[in-house]
Amino acid sequence: MDVKDSNGNLLKDGDSVTLIKDLKVRGSSQTLKRGTVVKSIRLTDDPEEVEGKAGGSMMVLKAAFIRKA
């Protein structure tokens with residue numbers, strides 16, 4: 001299964017990515033700002049999602065809102 005970022009680059013476990021859009025965090029008043037770097041991502045079973053530690057906690061991010069750093 002291939003996971004691609006917003007620019008079409010292939011992602012793999014351990015990559016660092018950057019957010020390309022401000023994202024509100026569900027269930028929290030926190031907002032992740034554009035340009036935030038998420039290090040050491042993990043791929044999930046869904047090719048449109050990745051897991052990474054952002055804002056101090058593990059979050060699932062849509063691949064459409066990230067680009068490879």
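Author: In this predicted model, the largest nonpolar core counts 15 residues. Leu 11, Leu 32, Val 50, Leu 61 and Ile 66 have the most contacts inside that core. Strands S3 (17–19), S8 (49–54) and S9 (57–62) are the elements that each give two or more residues to this core.

Take Leu 61 and look at what it touches. Leaving aside residues up to four places away in sequence, Leu 61 is in contact with Leu 19, Leu 23, Leu 32, Val 38, Glu 48, Glu 49, Val 50 and Ile 66.

Leu 61 also turns up in the lining of the largest pocket, along with Leu 23, Leu 32, Glu 49, Lys 62 and Phe 65, among others. That pocket has a volume of about 280 Å³. S9 gives the most to the lining, with 4 residues. By type, the lining residues split into 7 nonpolar, 4 charged and no polar ones.

Two of those lining residues, Glu 49 and Lys 62, pair up in a salt bridge, with their closest N and O atoms 3.8 Å apart. Lys 62 lies in strand S9 and Glu 49 in strand S8, so this pair ties together parts that are 13 residues apart in sequence. Both ends are partly exposed: Lys 62 has a relative accessible area of 38%, and Glu 49 has 22%.

Strand S8 (49–54) brings us to one more salt bridge, where the side chains of Glu 51 and Arg 42 meet at 2.9 Å, N to O. Glu 51 is partly exposed at 26% relative accessibility, and Arg 42 is partly exposed too, at 45%.

Methods:
Residues numbered from 1 in each chain as written. Predicted model: local features only at pLDDT ≥ 70, side-chain atom pairs only at ≥ 80, totals over all residues. Heavy atoms only, no water. Core = buried A, V, L, I, M, F, W, Y, C linked by side-chain atoms within 4.5 Å. Buried < 20%, exposed > 50% of the residue type's maximum accessible area, 1.4 Å probe, protein only. Contact = heavy atoms within 4.5 Å. 1 Å grid on protein atoms, 1.4 Å probe; cavity = no way out; pocket = protein on both sides within 12 Å on 5 of 7 lines; lining within 4 Å. Points joined across faces, edges and corners; volume = space filled by probe spheres on them. Nonpolar A, V, L, I, M, F, W, Y, C, P; charged D, E, K, R; others polar. Salt bridge = Lys/Arg side-chain N within 4 Å of Asp/Glu carboxyl O.
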